[in-house]
Amino acid sequence: MNNYHGLLRQNLAGRPIGHKIYFYEQTGSTNDDAFELGTAGEPHGTVILAERQVTGKGRMNRSWHSPPGANIYTSILLRPEFEPARAPQISIAAGIAVAETLHKHCPDTVQLKWPNDVLIAGRKICGILSQMKLCADAIDFVVVGIGINVNISRAELPEELRETATSLLIETGRELSRVDLIICLFENMAKWYRKLTEDGFDTIREKWLSLSPMIGGPVAVRFHDETILGRAYGLGDDGSLAVVTDADETVYVAAGDATILKKAKDYAAGH
Ligand code: BTN
């Protein structure tokens, strides 16, 4: 384990993301840790890595399955200097960074699903949970939490996830080095975050759209009890999904879960 820590520290020294690393053998949630560290004033680019999370958090109050020894659970602390409405753009950039990291091992099968799931062959391999702290009307910091299923086998996945989730081990048939993946992930995250801050959201949006199969197709977007049926056609500047509804109205959905509808009968049933 010390070798693992040493290799990461050595490879990430002086890098924009990962120059300061907190390792935890076990924690509640790396996002909660990052939030505390952000509040305590830790710098931009600090990262938290845990071997296991006891209360790993997902979007929409869900939990994130976080057993030890196999996967990546990390949170990145960022201090962007733009307005709070643009914060979701960071999650979108993070999805691209993860997709690029996984693409090396699973070429041409990695896809992004709004708002920020990463899928391989239609199954979820990574989830991203971003949280923001404001100071007056400005961003104090953003925490980008990333969970990637790396060396977990299908048998080790909880039964309820076996049909919908996957891992790099399941997809490639071999165990991969988490150290190499983490280094590559932080490098890609630094690259796409820099593009976002230097070039603006258009480049990010274009790349995200090219990786997302849902654009142009029929979707059902659920938020609480409401379901919107329509065709997804783009991303708003706030990271929302732009949908033309069946009633021919354009709506921007800021939060929820989107399902890609494959067949006409799915479309009629909304699932
Ligand atoms: C989702 O798809 O619902 C988002 C899942 C995010 C999971 C990661 S694991 C590291 C970080 N810490 C957490 O508690 N959650 C995120």
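Guide: Contact here means heavy atoms within 4.5 Å. Helices (H or I, at least four residues) and strands (E, at least two) are DSSP runs, numbered from the N terminus. This is a predicted model, in which local features need pLDDT of at least 70, side-chain atom pairs need 80 or more, and totals for chains, interfaces and linings use all residues. Residues count from 1 along each chain as its sequence is written, and side-chain values use heavy atoms, without hydrogens or water.

Visitor: Which residues in H6 meet H3?

Guide: H6 covers residues 201–210, and H3 covers 88–103. On the H3 side the contact is made by Gln89, Ile92, Ala93, Ile96 and Glu100. Their partners in H6 are Phe201, Ile204, Lys207 and Trp208.

Visitor: How many nonpolar residues are in the contact of H3 with H6?

Guide: Classes first: Ala, Val, Leu, Ile, Met, Phe, Trp, Tyr, Cys and Pro are nonpolar, Asp, Glu, Lys and Arg charged, and the others, Gly among them, polar. In the contact of H3 with H6, 1 residue is polar and 2 are charged. The nonpolar count is 6.

Visitor: How are H3 and H6 set to each other?

Guide: Axes are lines fitted to C-alpha atoms, for helices over the stretch in contact, with angles from 0 to 180 degrees between N-to-C directions. Under 35 degrees is roughly parallel, over 145 roughly antiparallel, 65 to 115 roughly perpendicular, and the rest oblique. The axes of H3 and H6 come within 10 Å and cross at roughly 50°. H3 and H6 are therefore oblique.

Visitor: Where does H5 meet H6, and with which residues of H6?

Guide: H5 spans residues 178–199, and its axis lies 7 Å from that of H6, at an angle of about 135°. So H5 is oblique to H6. From H5 come Trp192, Lys195, Leu196 and Asp199. They meet Phe201, Thr203, Ile204 and Lys207.

Visitor: What is the crossing angle of H3 and H5?

Guide: The pair is oblique. Their axes come within 8 Å. They cross at roughly 140°.

Visitor: How many nonpolar residues does the contact of H3 with H5 have?

Guide: From H3 the contact takes in Ala93, Ala94, Ile96 and Ala97, among others, and from H5 residues including Leu181, Leu185, Trp192 and Leu196. Of its residues, 3 are polar and 2 charged. The nonpolar ones number 13.

Visitor: What is the volume of the largest pocket?

Guide: On a 1 Å grid over the protein atoms alone, a pocket is an open set of points with protein on both sides within 12 Å along at least five of seven lines, a cavity is a set where a 1.4 Å probe fits but cannot get out, and lining residues have an atom within 4 Å of a point. Points join across faces, edges and corners, and volume is the space filled by probe spheres set on them. For the largest pocket, volume is about 1,100 Å³.

Visitor: Which element gives the largest share of the lining of the largest pocket?

Guide: The lining has 47 residues, with Arg62, Trp64, Asp117, Lys124 and Thr164 nearest the centre. Elements giving two or more residues include H2 (30–39), S3 (72–78), S7 (138–148) and S12 (257–260). By class, the lining has 15 nonpolar, 19 polar and 13 charged residues. The largest share, 7 residues, is that of S6.

Visitor: How many residues of the lining of the second largest pocket come from S6?

Guide: This pocket holds about 510 Å³. Of its 22 lining residues, Pro88, Ser91, Asn116, Ser130 and Ala254 lie nearest the centre. The lining divides into 12 nonpolar, 8 polar and 2 charged. The share from S6 is 4 residues.

Visitor: Which residues line the largest cavity?

Guide: The count is 1 cavity of 30 Å³ or more, and the largest has about 40 Å³. H1 (2–12), S1 (20–24) and S2 (46–50) each supply at least two lining residues. The lining consists of Tyr4, His5, Phe23, Tyr24, Leu49, Ala50 and Glu51.

Visitor: What is omega for the peptide bond from Trp114 to Pro115?

Guide: Pro115 sits in the loop between S4 and S5. The bond is cis, with omega near 5°.

Visitor: What is the phi of Asn61?

Guide: Asn61 lies in the loop between S2 and S3. Its phi is positive although Asn61 is not a glycine, at about 60°.
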